[in-house]
Structures are given as structure tokens and as C-alpha cells.
Amino acid sequence: MSLSLLVSSQLAPPIIGPHGSAVRRIVASSGASSVHLSNQEPSVRERRVTIRGETPAICRAFDLIAEVLHSECARLGISDRVREFRLVVPEATSIVGGAALAALTATSAVTLELEPKADAPAPRERDAPAPRERVLMIRGEIADVTSAVHRLIGRVMGRHEQRLCDFFAQWPFTTDYNDHFSTPRSAYTDIVLLLEVTAMQVQRRCVRTNAMLSKRQAGATSQEDAVLHKRRRGANAVPDISVSSPTPADALKELIIWDPYYCDGSMVTDLATLGCCAERIINRNRDFYADIANGETPDEYHVLLTNPPYSGDHKQNLLDFLCNRYIPNSSCSNAAGAKGAAKHVPFLLLMPTWLSDKDYWRTFLKRLAASKAEEEGDARKECIPAHNEDGLERAAGVFYVAPRERYSFRHPQATGHVNSPFHTIWYCGGWRTEEERRQASRALRKSRYQGRLEVFRSARMLKRRGYF
């Protein structure tokens, strides 16, 4: 679950600390999944602090934040205000109804006050409560306030358990309610051409391998082998594919696709509708991270295609996994997860556009670019200079596929926003060679001419075209 509280912009910096050191300490000490503060803006007087994690971790994180606020208020000489906290809670009678608040007051020495809702609100501030949220003010001594907050958290969790126990029972691992918005079929339609060209590349490699083996088994001379090898290494060489070679549609049926994050299984049905073979799509109701730790990730697949959960640090964990898969001797945290896995498998990741400008994504690109330069024997073993950030995607062999219209995501329980509040795009990379990447990019020309999507080679161009 998550807990949100509003703090004065004046009191927010100590929660963050120099270069984020304080908030990292709070997360590490409490065991919370994340502690996030909304952006600082001149027109906003308050900032929202959102704590995510399991119930005990949220309580510990709140206690640590309360200590930070207590110390900062004492330093500023406003110690009277340390007894007042403003929480953002759902507008539900079981939480903020008269009977619920009376019961909470009776069991703790605090004063509870529900702030009135504005009748006709002006344009809402970014971090103000949403229409179905209320601000609950709690006043009292620090120990009494924290005790009341712990009781409130337990009440909210009990309410969620009653309402959603059957829903969460579908997964054998801990999951976030808001991470189950399914990828729309239109998103898969936009990249089916990438899957087709990748399938043809896989088939051509198989044909070349089989031809080489057959030639050797037939007793070909070493000179003939050298000529054959030289011809096929040419930049514009066309592989020897027999007349019976499969079409792109046939090749697509042989493509093995792996999606490590399981939602409701609809991605298998959607891809099968577009021409993939359902039996060759790996999307299991398993804990991805447990499979990494136990070395139980699939041994063979041709494409990693996924829409990772957007909460917590799932996106960073996925990039760590890719980092260890594509980059030898990587120092990423879950290096054991890439053990024994083949390298250079294309990845297609559906993620928010703003991630392309995040430090952890840019770091991943730098590592990927440096690894590719080393593999190609490039003397420049270092990654692209910092002043040439626009060249990172090219050096790493990555491009972005952005739909002209935002994708609409569906929740199994038909809750939340159908229309996404932000753009999501495909992050594409991992091809063996630059020529294979170009083939994949050229395959999207038809969709580009039809005005369905755009292809970008830098985050800066995404910004300029309004996708942020």
C-alpha cells in the first residue's frame, strides 16, 4: 500500500538530504519500497511525500520522517507545529466516516479533523488531493500521533484485504494493485513488424548455420569454406536461402517471445491474434526476481518483450537484468540473473517516455555503448562523452517507437484511468549488429508513412515533439 502526507515546502529538503542521502537512508532503514517527494514548484506551498511498501515498512518510514520533521521544526523555532500532520486518505466511510474517526479518537490521545472539500475548486494544484481523496489532520504529541497513524494504516490495509483478497490471490508473489493495467493490443500491433523482421533474422541465421554444417559434412575443402565464409561476411551479402524459406508470417510463428512480468495472460492472446504462436510465448505466472535469484529464467528465447510494472524500482531491476545480459563482467546488482543466458537478444520495452531522460536509463545506455565498442574492437573503450548525450542511443543501438496517440490501458477490475496521463513508448534495442538494427528500423516505414507512429534516436527529439 502507500501512505501520503503533505508537508510544507520549507520542511521538505531535510527529508531529501544532500543529493538524496536522507531519503535513501529512510528507505534502507525502514525497508520501504520507495519514498517519493513531488517536484518543487514556486506556486506550490506544499509537497506530497508518498511512502510505498508493506505495512510494517510504511510505519517505520513514517516514524523516521516524523523524527526528521521534529528536528527541523525545532531548528527553525516552530516546534508547536510538530504535533500536526496532514495525511491524504481515500474518501471512504470506513476510514474517514464519523464512526471510524470516533473509534480512532477513542483509542488514542489525538484530535482528528477532516478538512472540508472545496465546493468549486479552481485549477487544482499539482499535489492537491484528487476528487476522491480527503485531507485528514492529526494533532497531538508525537508518540500519540505516530500511534494513531499506525492504527490508520492498519485500518486501511484491513479494508483493502477485505475488498481485494480474491484479486491478489491470483498471483503467487507480492504485487501492486496499480501494476495490473494490461498492455493494449494496439501497442503490440505497432511493433509486430519488428517481430517479423527479427523472426526472419533468426531464420536466416539458422539457414546459414545449417548450410555450413551440411557443407562440412559433405567433405568441403578448407579453401571452399574460406570462400563461403568470406562471401557471407560481406556488408551487403545476401544469405543463401532456398525457395522453400519461410515468409515473414511463417517465421513469426517460430519466434520465441518472453515476457517476464505476468499480469493476466492477455498478452499471449493478443500476440497470437497478430500471428505469433501462443505455444512459443513465455509469460508465466511466476516471480521474475525469484527466477533470477534461482537461475530459472528461460534458456532460449528470441525477443524479450514486456511492459514492466511502473511502481517502485521494477524498471531499474529490469535494466539491471538487461545490463548483465548484454554487458560482460557487469557490476549491476543482479549479475547472477544473466548467468548462462545468450547475449544479443532484441528487447522491446513499453515504458513511460520520461524514463528516457532518467539517470539510470542514460547510465544503461552508456554501459551498452561501451560494451558494443569493445566487442567491435573499437579503440574508444570509454562510452560517449557527456557533452554528446544525443549520440548515446546510436552508440548503444537503441531507438524509440512512439505512437501518435497515447495508449489506453485496461485494469482487470475496470478501475483507474483508462486514458493514460502520460505517453508510453517502445524502447527498442539489443540487435546483434548495426545492420540488423537498421533492418528493424526500416521495417517501420510503412507505419510511419501511415502516420500511426514515429521513430526517434534521442530523448531530446522526443521532448521537442511533445512526448514528454
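**Notes on the model**

1. Please keep in mind that this is a predicted model. Confidence across the chain averages a pLDDT of 82, and 83% of the residues score at least 70. Over residues 119-126, however, the pLDDT is below 50, and this stretch makes six contacts in the model beyond near neighbours in sequence. Residues 235-243 also stay under 50, with ten contacts beyond four places in sequence.

2. H19 lies in the loop between α1 (12-16) and α2 (21-30). Its phi is positive, about 55 degrees, although H19 is not a glycine. Most residues other than glycine have a negative phi. Is H19 buried or exposed? With 79% relative accessibility, over the 50% cut-off, H19 counts as exposed.

3. Next comes the sheet. Seven strands form an open sheet with mixed pairing, in the order β8-β7-β9-β10-β12-β11-β13. Its edge strands, β8 (281-282) and β13 (453-456), each pair on one side only.

4. Within that sheet, β11 (residues 399-403) pairs with β12 (residues 424-429) in the antiparallel sense, over three bridges. F399 has C428 in β12 as its bridge partner.

5. Finally, which residues does S441 touch, leaving aside those up to four places away in sequence? They are F399 and V455. S441 itself sits in helix α15 (residues 434-442). Because its relative accessibility is 15%, under the 20% cut-off, S441 counts as buried.

Key:
Residues numbered from 1 in each chain as written. Predicted model: local features only at pLDDT ≥ 70, side-chain atom pairs only at ≥ 80, totals over all residues. Heavy atoms only, no water. pLDDT = per-residue confidence, 0-100. Contact = heavy atoms within 4.5 Å. Helix = DSSP H or I, 4+ residues; strand = E, 2+ residues; numbered from the N terminus. Buried < 20%, exposed > 50% of the residue type's maximum accessible area, 1.4 Å probe, protein only. Pairing = 2+ DSSP bridges.
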